[in-house]
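Please read the following briefing alongside the sequence and the model. It moves from the chain as a whole to single elements and residues.

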Amino acid sequence: MRFKPTQYQLLNVSNNRRFEDKGWTLGDPMGGEPSLIRAEYANRRFTPRDDLDGIYRYAEWLPVKRTLKRSCAPVTYQSEGLARHLGLNNLYITFSGWNPAIGATFRTCSFKETEAYSVLARMDKDEKRILIVQSAGNTARAFAQVCSDNKIPIVICVPEDSLHDLWFASPLHKCVRLIAVPHGCDYYDAIALGEKLAQDPRYFLEGGAKNVARRDGMGTTVLSCVEKMGRIPDAYFQAVGSGTGAIAAWENAERLAADGRFGENHMRVYVAQNAPFTLMYDSWKAASRQLLPLTPEEGRRQAEIIMAKVLSNRKPPYSIPGGLFDTLTQSHGDFYLADNNDIMYWQLQFRNLEGYELLPAACVAVSALAQAVKDGSIHPDDYIMLNCTGGGMREAMSGGYVFKQPDLILSPDLPAEEIIQKVSELF
């Protein structure tokens, strides 16, 4: 059966103006105040599709034109071990990683695959331009794997310090090109490099949080949970680097509330960062919509210290209308911190309690949940969604792996013309 593109319009969150998607619209074409845009789907009812595999089970709420092969949907189950340990009666864990025993087969072990399969399926099959993705690690691995499997040309910009995250079960197709910024540079520098490359019309930026396909792909975690739980959660927990996943969770909770069959949206969004990289935490606790000052030097130093490197975005969608500040405000949520010792503690505890291993960022979310229980923010009978965004890496790598070496290492300070010339020689 031939797949029919999902029908939807786009909505400017700040002024409720609606408009059509011209193919890769990342903002309101009428301009005005910068704002996130949101997809409004023609099908207002949550309708999982049993005729489609993997993440495309949720295609009715994904802005996609086609399906791609080898996708996996997040898996949700009701916790016993961790729930008992924390004294919770209705804890549901949504896992996006490698654990075939529960049906989770994310080969890159991260929920970033949900972004990749949605974003790449939003592209036209005959797109001639080359996509650019900037990443601190997990997103790079996900997009590289999905593009390799589906022969989609891509340029991925990452910090050289994150190359240890670029492991794969087998060598990638040559359509995947990896450009690294040198040691000492961070995710923000990778963003700057990609923006310079995008000055050439042969390339285009994926768009990050501005891309509705990225957010709605990540939002499938909530759809998985509600399909299992049968209702909108009372509380949602996730570790954040940019906060995009938490924004996406709130957006899908709003869609589910509008459906009417899953209760009203009283979902409190709780997020957490890995100390000492605490930019959004500090801004939220200061009741500031604007991000507090953070110098590039201090940001890089903090990013070097934390275990969960993927939680180190110096340019997150926090302040923008529809961003994380609005999500936490509207949901009556809050922010927590976990340091490296907390991560190591919960890696061991979670494996003992639930039987599999989490990546560091997911352990930050578990720590936040434990803190919320301790401080009374969570009631034992609350229906809770714990978004465990990655894990199972040791098991996934046990069959062997290779590292993707960078095709180029380029300083983000180079002129755009030189960056474009060097990258274009790769294709």
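A residue is called buried when its relative accessible area is under 20%, exposed when that area is over 50%, and partly exposed in between, as computed with a 1.4 Å probe and protein chains only. By that definition G32, at 68% relative accessibility, counts as exposed. The model is a predicted one, in which local features need pLDDT of at least 70 and side-chain atom pairs count only at pLDDT 80 or more, while totals for chains, interfaces and linings use all residues. Residues are numbered from 1 along each chain as its sequence is written, and side-chain values use heavy atoms, with hydrogens and water left out.

**The chain as a whole**

- The protein chain holds 14 helices and 18 strands, where helices (H or I, at least four residues) and strands (E, at least two) are DSSP runs numbered from the N terminus.
- Its radius of gyration, taken over C-alpha atoms, is 20 Å, close to the 22 Å that the globule rule gives for 427 residues, so the protein chain is as compact as a globular protein of that length. The globule rule is 2.2 Å times the number of residues to the power 0.38.
- Taken along the principal axes, the box filled by the C-alpha atoms of the protein chain is roughly 60 × 45 × 45 Å.
- Of the 427 residues in the protein chain, 61% count as buried.
- Among contacts (heavy atoms within 4.5 Å) in the protein chain with a separation of 6 or more, 73% are accounted for by residues 24 or more positions apart.
- The accessible surface, computed by the Shrake-Rupley method with a 1.4 Å probe and, for residues, with only the protein chains shown counting as cover, comes to about 16,900 Å² for the protein chain, and 50% of it belongs to carbon and sulfur atoms.
- The protein chain carries 47 positive and 50 negative side chains, and the centres of the two sets lie 5 Å apart. In this count Lys and Arg are positive and Asp and Glu negative, with His and the chain ends not counted, and each charge is placed at NZ of Lys, CZ of Arg, CG of Asp or CD of Glu.

**Cysteines**

- With a disulfide defined as a pair of cysteine sulfur atoms within 2.5 Å, the count comes to zero disulfides.
- C72 is in no disulfide, since the nearest cysteine sulfur, that of C109, is 11 Å away, and C72 is buried, with a relative accessible area of 7%.
- For C388, the closest cysteine sulfur is that of C363 at 7.9 Å, which is too far for a bond; C388 is buried as well, at a relative accessible area of 0%.

- S118 has its place in helix α2 (residues 112-122) and counts as buried at 0% relative accessibility.
- Apart from neighbours within four places in sequence, S118 is in contact with L62, P63, V64, A213 and G217.

**Backbone geometry**

- Most residues other than glycine have a negative phi, and most peptide bonds are trans.
- A275 and P276 are joined by a cis peptide bond with omega about 15°, and P276 is placed in the loop between β14 (268-274) and α8 (279-285).
- R70, although not a glycine, has a positive phi of about 75°, and R70 is found in the loop between β3 (37-41) and β4 (75-78).
- H332, also not a glycine, has a positive phi of about 55°; H332 lies in the loop between α10 (324-331) and β15 (334-338) and is exposed, with a relative accessible area of 63%.

**Two loop glycines**

- G390 lies in the loop between β16 (383-388) and α13 (393-397) and is buried, with a relative accessible area of 1%.
- Leaving aside neighbours within four places in sequence, the residues in contact with G390 are F95, S96, C109, S110, L358, L359 and A362.
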